[in-house]
Each structure stands twice: as structure tokens, then as C-alpha cells.
Amino acid sequence: MDSKIWDLVVVGGGPAGLSALLYGSRLGAKTLLLERLAPGGAITLSSEIENYPGVCQVKDGLSFMECWQEQATRFGGKIEIGEVTKIEPIWEVKDNLELNSKTTPKAETISTKTIPVRNKKKFNHSISDIRNEKVPKGFRLFAGEKEYLARVVIVATGSSHRKAGFKGEEEFTGKGVSYCAVCDGFFYKGKEVGVIGGGDTALEEALYLSKIARKVFLIHRRDKFRAAPATQKRVFNTPNIQILFNSVVKRVEGKLFVERLVIERDGKEITLPLPGVFVFVGMVPNSQLVKGLVELNQFGEIKVNLKMETSMPGIYAVGDVRENSQKQVVIAAGDGATAAINGVKFIESNQ
Ligand SMILES: Cc1cc2nc3c(=O)[nH]c(=O)nc-3n(C[C@H](O)[C@H](O)[C@H](O)COP(=O)(O)OP(=O)(O)OC[C@H]3O[C@@H](n4cnc5c(N)ncnc54)[C@H](O)[C@@H]3O)c2cc1C
């Protein structure tokens, strides 16, 4: 068990989590960020980011995130690698948990002090009253063999790629089916590839791949794209992108690796002989960790109010994992700052 009591523990090291670490530590809170892979998050898979205000130069996602970690740890915040698998509220505490306390009370023996009940009228959003009336004294987090104690938890776990659901998708993942153009595009230099999807990410990645592959088939099940008009214009003006609207991918086929893609269009099956297909059909929130602990909406996103508070006092949710996020770096960064500021206020008001 980590002997410290952290003021804030942030789960996830994407833009939302790193921003929370920066703001929390700069406010003087003892802040730890736990990341299962390497800090940076989903944007590191992007070939270019051009819409982060104040950064005029168009950069790839990895370069863009380079200085975030350095800046986020400048004020004493710590980053550890570890996948958080469980979060437990602590209801009983012996010692008063103070901000920046160096003492280490045993969580199980933490005794009660008056437990403030949140003023429901001030909780101005749709979180229903499934919350425990009590405010937990803190939280215990489990990551591998390690355990951590936190007064406040900020969940910044982002989202994962949604599967398109065609036959062979699982079987051929990593063998011709990919979810990352930056990672795998190089393997298709001079070849033909398929891109599935109609949103911003699908079109941006199709543009990226059009510079590597000989030809890109952009396959979308509807008759128009959802992507930003500027991106659509670039796609329409790229000669080696062929758009296939009203087309549904049925299956991929091959021996060891993908050799062809079968789509259905106007009731007919069409076979495209391709060695690679890239899937960009949306994201699913990584909220499994807090399922049953905080309230989720029907899409599995964590419900929050404008302070980024969840239905469990002391747990905040930020970035792509929370309800109604526009799933952009700038939004995630703003959320992280909001949660850290409110998390520190929460600790102060519950001391
Ligand atoms: C290909 C692509 C292109 C994009 N292009 C743009 C763009 O041009 N502009 C833009 O603004 N946005 C873009 N986005 C969206 C942007 O990347 C996201 O909105 C942003 O990264 C969300 O940040 P986040 O911190 O909420 O989540 P993420 O960036 O997803 O970070 C979550 C982090 O949490 C970690 N994690 C998850 N579960 C656990 C756990 N249990 N324990 C520990 N760690 C955990 C993950 O490993 C991950 O590092 C793009 C996304 C993709 C995939």
C-alpha cells in the first residue's frame, strides 16, 4: 500500500488527466496521476491536430503532447504507471484527513466526524438521487499489486475505439484491421486501403492515409458525412480518395492477413481486394471502472454537473468519459482544470 494519502488521485493521463494534475498540484494539493500505458492519451494516435487554440503550428498528436507531461509535473505532481482496476469509497475514518497531511491513518479505522450532506438543490443537473447521502472520507484505489488512498478521485479514463461489427473484425485485428492510421499506415505504402466511417476522425485519417497509400476507399453507411465542412472539402478534393456512400462492410477475408473487404451497396455485395482496413466509427467511454459507483447515462458515459462532480461526492469525471463531452482536447483540458479546482475546494470544505 502506498503510505501517503493523496489529496487528488487522477486516473488516466490524457489531456484531461494531465490538465487536472497541473491544476491540482499548482494549487498545492498532493496530486498523483495513474496511467496504464504512457501519458498522452488518445490524441497521440492522431496524425495532426490543428484546432487547439493558441497552438498555430499543425502538429502530429505525439509532438503536440510532448510538453504536457513536463508542464504537468512542474509543480510537484507525480505520475505513476499503473492500471486502476477498482475504486472503493471509505466511509469511516479515525483521523481527520487534512489537505497536505503527512500522516497516514489506516483507512479501515478512520472514525466518523460530522458528515455533511450535499445540498441537493445546488446539484443543478440530471444526476438522480442514487447517491449515498454520506460524503465518503476518501477512496482506496487498486492498481496491480498497489493500493492508494485519496481524498478526491478524478476519473479521466477517456474512451476506446468502437468496433464496426463486421465478420472477421476481431480475428484480423492487427492483421490488416487497424484503428490507428499513424501506427499502421506505413505498412500500406503504395497499396490500396479501406477507411470506414463518416466523422471527423475517419475523414482526417483518410486524408493522412491518402499521402501514403496509392488509393483510399472511404466507406460510409450513410449518404453524407458528419465531419466538419472544411475537412469534407479536403476529402472531396483529394484525387486518390474514392468515396463509397450507402455502403456497409459485411466482412473481411483472407488466410493469415486481410486480403479483401466485402461491402454491401444497393443490395449487392462488392468485393474490394485490399490488404488493410482502418475503422473509425466512434468511441465507447472507458467507464467500466466506476460502474455501480457513480451514475452513468444510457451510453455508459459518466453523468456530471458543471463542476465535473459525479453522483458520488468526491469523485469527479472529466474529458471523453463524461456525459455530453464534445470529445476534443481543448474540452478535456478545460474539464481537468475545472475538476481539480473544485476537488481542492471540496477537500477544504469537508475538513
Ligand atoms: C485519431 C484521433 C484523432 C483525433 N483528432 C483530434 C483533433 O484533431 N482535435 C481534437 O481536439 N481532438 C481530437 N481527437 C480527440 C481527442 O484525442 C480526445 O478528445 C482527447 O484525447 C480526450 O482526452 P481524455 O484525457 O479525456 O482521454 P484520453 O486521451 O483517451 O486519455 C485517457 C487515458 O486514460 C488511460 N486509462 C484508461 N483507463 C485507465 C485505467 N483504468 N487506469 C489508468 N489509466 C487508464 C488511457 O490509457 C489514456 O491514456 C482525436 C482522437 C483520435 C483517436
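1. D266 sits in the loop that joins β13 (260-265) to β14 (268-272). This is a predicted model, and in it the phi of D266 is near 50 degrees, a positive value in a residue other than glycine. Most residues other than glycine have a negative phi.

2. Is N246 exposed, partly exposed or buried? N246 counts as partly exposed, because it has 13 C-beta neighbours inside 10 Å.

3. On the overall make-up, the protein chain contains 6 helices and 17 strands. Of its 351 residues, 45% count as buried. Among contacts in the protein chain with a separation of 6 or more, 66% are accounted for by residues 24 or more positions apart.

4. The largest nonpolar core has 58 residues. Within this core, V9, A20, A150, V153, I154, V155 and V318 have the most contacts. Helix α6 gives the most to the core, with 8 residues.

5. Leaving aside residues up to four places away in sequence, V9 touches L32, L34, L141, Y148, A150 and V153. Of these partners, A150 and V153 are also listed with V9 among the residues that have the most contacts inside the largest core.

6. Which residues come nearest to the ligand? Of the 34 residues around the ligand, these are G12, G14, G41, G158 and G319. The elements that give two or more residues to the shell are α1 (15-26), β2 (31-35) and α6 (329-349). By class, the shell holds 15 nonpolar, 14 polar and 5 charged residues.

7. Two of the elements in that shell, α1 and α6, also pack against each other, at an angle of about 35 degrees and with their axes 7 Å apart. The crossing of α1 with α6 is right-handed. From α1, the residues involved are P15, A16, G17, L18, S19, A20, Y23 and G24. They meet V329, A332, A333, D335, G336, A337, A339, A340, I341, G343 and V344 of α6. The contact has 13 nonpolar, 5 polar and 1 charged residues. A20, one of the α1 residues in this contact, is also among those with the most contacts inside the largest nonpolar core.

8. A further helix pair is formed by α4 (residues 200-210) and α5 (residues 229-236), whose axes come within 10 Å and cross at roughly 35 degrees. Is the crossing of α4 and α5 left-handed or right-handed? It is left-handed, whereas α1 passes α6 in a right-handed crossing. On the α4 side the residues are D200, L203, E204, A206 and L207, and on the α5 side T231, Q232, R234 and V235. By class, the contact of α4 with α5 has 4 nonpolar, 2 polar and 3 charged residues.

Note on methods. Residues are numbered from 1 along each chain as its sequence is written. This is a predicted model: local features need pLDDT of at least 70, side-chain atom pairs count only at pLDDT 80 or more; totals for chains, interfaces and linings use all residues. A residue is near a molecule or strand if its C-beta atom, placed from the backbone, lies within 6 Å of it. Helices (H or I, at least four residues) and strands (E, at least two) are DSSP runs, numbered from the N terminus. Ala, Val, Leu, Ile, Met, Phe, Trp, Tyr, Cys and Pro count as nonpolar, Asp, Glu, Lys and Arg as charged, and the others, Gly among them, as polar. A nonpolar core is a set of buried Ala, Val, Leu, Ile, Met, Phe, Trp, Tyr and Cys residues joined through C-beta atoms within 7 Å. A residue is buried if 20 or more other C-beta atoms lie within 10 Å of its own, exposed if 12 or fewer, and partly exposed in between; C-beta atoms are placed from the backbone. Two residues are in contact if their C-beta atoms, placed from the backbone, lie within 7 Å. Axes are lines fitted to C-alpha atoms, for helices over the stretch in contact, and angles run from 0 to 180 degrees between N-to-C directions. A crossing is left-handed if the near helix is turned anticlockwise from the far one by less than a right angle, and right-handed if clockwise.
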